[in-house]
Amino acid sequence: VIIDAVDARGRRYLEVDAFPDGPLKEAFRNLTSPDPCVECGREVKHAFERYFQRNDATDGTEADNFHAAMSALTYDCVCGACGDKLLQEDAI
Ligand SMILES: [Zn+2]
């Protein structure tokens, strides 16, 4: 399940679940290197655990199309625990 959420500072979070067991998940084991969480520095293993792809509020909305496209392609990796915490703050 992929959920789009926004935190208190307007940053967008795209939740990415761990993949179900199977060939695709196994492919990720070899293809991707872990990204550190931008909040806590813990390594996030794509396909093996839930995490968030975070974009700044302005991503994709700039008047400059090239910059907008580049921003949309890049994201900050946020682990599940940090993402949950940041999105929780939004609710308070
Ligand atoms: Zn984290």
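The side chains of Q53 and Y75 are joined by a polar contact of 3.5 Å. A polar contact here is a pair of N or O atoms within 3.5 Å; within protein, one must be able to donate a hydrogen and the other to accept it, and residues adjacent in sequence count only if both atoms are side-chain atoms. Q53 belongs to strand β5 and is buried at 17% relative accessibility. Buried stands for under 20% relative accessible area, exposed for over 50%, and partly exposed for what lies in between (1.4 Å probe, protein chains only).

A word on the ground rules: this is a predicted model, in which local features need pLDDT of at least 70 and side-chain atom pairs count only at pLDDT 80 or more, while totals for chains, interfaces and linings use all residues. Residues are numbered from 1 along each chain as its sequence is written, and side-chain values use heavy atoms, with hydrogens and water left out.

### The sheet

Let us start with the strand order. Four strands make an open sheet in the order β1-β2-β5-β6, and their pairing is antiparallel. β1 (4–6) and β6 (76–79) are the edge strands; each has a single partner strand, so one side of each has no neighbour in the sheet. On average, neighbouring strands of this sheet are turned by 30° against each other, direction ignored; the axes behind such angles are lines fitted to C-alpha atoms, for helices over the stretch in contact, and angles run from 0 to 180 degrees between N-to-C directions. Strands (E, at least two residues) and helices (H or I, at least four) are DSSP runs numbered from the N terminus, and two strands pair if DSSP finds at least two bridges between them. Strands of a sheet pair through backbone hydrogen bonds, either parallel or antiparallel.

β1 and β2 pair in the antiparallel sense over three bridges, and in this pairing D4 stands opposite L14 in β2. The two strands form a hairpin with five residues between them, and G10 in the turn has a positive phi of about 85°.

D7 lies in the loop between β1 and β2 and is buried at 5% relative accessibility.

### Aromatic pairs

How many aromatic pairs does the structure hold? There are two. Rings of Phe, Tyr and Trp (its six-membered ring) pair if their centres lie within 6.5 Å; planes under 30 degrees apart count as stacked, over 60 as edge-to-face and the rest as tilted.

| Pair | Centre distance | Plane angle | Class |
|---|---|---|---|
| Y13 and F52 | 5.8 Å | 85° | edge-to-face |
| F19 and F28 | 5.0 Å | 80° | edge-to-face |

The pair of Y13 in strand β2 and F52 in strand β5 links distant parts of the chain, 39 residues apart. Y13 is buried at a relative accessible area of 0%, and F52 is buried at 3%. By contrast, F19 is partly exposed at 23% relative accessibility, as is F28 at 25%.

Y13 also gives a reference point for A57. The two residues are 44 residues apart in sequence and 9.9 Å apart in space, C-alpha to C-alpha. A57 sits in the loop between β5 and α2 (65–73) and is partly exposed, with a relative accessibility of 42%.

### The zinc site

Which residues donate to the zinc ion? The protein donors are the SG atoms of C37, C40, C79 and C82, lying 2.3 to 2.4 Å from the ion. Donors are N, O and S atoms within 2.8 Å of the metal (3.2 Å for Na, K and Ca); water is not among the atoms, so sites may look incomplete.

Along the chain, the zinc donors follow the spacing C-x2-C-x38-C-x2-C. The site is tetrahedral, with angles of 104 to 115° among its four donor atoms. Four donors count as tetrahedral if all angles lie between 85 and 135 degrees.

Is C37 buried or exposed? C37 is buried, with a relative accessible area of 3%, whereas C40 counts as partly exposed at 46% relative accessibility.

Key
Four donors count as tetrahedral if all angles lie between 85 and 135 degrees; four count as square planar and six as octahedral if opposite donors are over 155 degrees apart and all others between 65 and 115; anything else is irregular.
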